[in-house]
Amino acid sequence: LLFGSGARIGLQPADEYTFIIMVMPVADYYKGGLSSPVDGILITDFDRAAPRGVGNVKVAGNYAADMLPNMRSKKAGFPIGLYLDAATQSNIEEFSTSNFVGIDSDNKKYVTPKSSSVLPSITNKSLMKIAEDEGLTVEARNVPLEELETFDEVMACGTAVVVTPVGSITKLGETDEDTVKYTFGESQEEVGPITRRLYDRVRAIQYGEEEDKNGWLYKIH
């Protein structure tokens, strides 16, 4: 955590900063962890971040826009929300608190949105490298909403969640007939094989159980 702590009141950069590292044990970010895929909802009446904004940096106000829609989504039974791009509302951007990843098992692709409004997750970058090692083709690009129909597995990834499997994403309509539900995998109750494999490998590297070939780990004395 880095914050301006200089003796200034006006709207201007601070002349002194304080850097804090907090270390604490935590449980799974979503109930059930990797063992239970979560159901997501497409958020269409709010934008999380806009082009040329601060969506690509982890600043204090970055996720404030998600608080109200996130509370509403959870109340409706959806632990996670998916946002589209603010400019056109046609391309997938990211989940409420984590990056979006779609797995096309048929074509062996790892697909994640590329956008200036999306936080460049270290976890996602790590998974991209591991996915390549696993023989997948990694594509960071615009991901149209309609492409949700093609994914066999969907996951949310980030520092806190590491990897969270998503079993379905619902786009609510004005009526039941207008509502669209995208489902992933043969069973929305089980974790997909590629999601499981990627999670196991990144955690094994983090725990020192697998060789770190990429120089990701550092000893802190």
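Predicted model: local features only at pLDDT ≥ 70, side-chain atom pairs only at ≥ 80, totals over all residues.
**Exercise 1. Pockets**

Find out which residues lie nearest the centre of the largest pocket, and which helix or strand gives the largest share of its lining.

*Solution.* 
- Step 1: Start with the volume, which is about 1500 Å³ for the largest pocket.
- Step 2: Look at the lining. It has 41 residues, and Thr123, Gly158, Thr159, Ala160 and Val162 lie nearest the centre.
- Step 3: Check where the lining comes from. α2 (122–133), β9 (153–158), β10 (162–171) and α3 each give at least two residues, and α3 has the largest share, with five.
- Step 4: Sort the lining by type: you get 26 nonpolar, eleven polar and four charged residues.

Now try the second largest pocket, at about 320 Å³. Its lining is made of Leu1, Leu2, Phe3, Lys58, Val59 and Ala60. Sorted by type, that's five nonpolar, no polar and one charged.

**Exercise 2. A surface patch**

Work out which residues make up the nonpolar patch on the surface, and whether Met24 is buried or exposed.

*Solution.* 
- Step 1: Pick out the members: Leu1, Phe3, Ile20, Met22, Met24 and Val26. Together they have about 620 Å² of accessible area.
- Step 2: Place Met24 in the chain. Look in the loop between β2 (17–19) and β3 (38–43).
- Step 3: Use the cut-off. Exposed means over 50% relative accessible area. Met24 has 53%, so Met24 is exposed.

**Exercise 3. Salt bridges**

Say how many salt bridges the whole structure has, then look at three of them.

*Solution.* 
- Step 1: Recall the idea: side chains of opposite charge can pair when their charged atoms come close.
- Step 2: Count them. A search of the whole structure turns up nine.
- Step 3: Take Glu139 and Lys109, which pair at 3.4 Å, N to O. Glu139 sits in strand β8 (residues 137–141) and Lys109 in strand β7 (residues 109–113), so this pair ties together parts that are 30 residues apart in sequence. Both also belong to a salt-bridge network with Arg141 and Glu147.
- Step 4: Compare Lys129 and Asp133, whose closest N and O atoms are 3.9 Å apart. These two share helix α2 and are four residues apart, about one turn of the helix.
- Step 5: Finish with Asp15 and Arg8, at 3.6 Å. Asp15 is exposed at 53% relative accessibility, while Arg8 is partly exposed at 38%.

**Exercise 4. Sequence and space**

Find how far apart Gly185 and Lys114 are in sequence and in space.

*Solution.* 
- Step 1: Locate Gly185 in the loop between β11 (180–183) and α3 (193–206).
- Step 2: Read off the separations: 71 residues in sequence and 24 Å in space, C-alpha to C-alpha.

Technical notes:
Residues numbered from 1 in each chain as written. Heavy atoms only, no water. Patch = residues over 30% accessible without salt bridge, like charges linked within 9 Å, V, L, I, M, F, W, Y side chains within 5 Å. Areas by Shrake-Rupley, 256 points an atom, 1.4 Å probe, with all protein chains shown as cover. Salt bridge = Lys/Arg side-chain N within 4 Å of Asp/Glu carboxyl O. Buried < 20%, exposed > 50% of the residue type's maximum accessible area, 1.4 Å probe, protein only. 1 Å grid on protein atoms, 1.4 Å probe; cavity = no way out; pocket = protein on both sides within 12 Å on 5 of 7 lines; lining within 4 Å. Points joined across faces, edges and corners; volume = space filled by probe spheres on them. Nonpolar A, V, L, I, M, F, W, Y, C, P; charged D, E, K, R; others polar.
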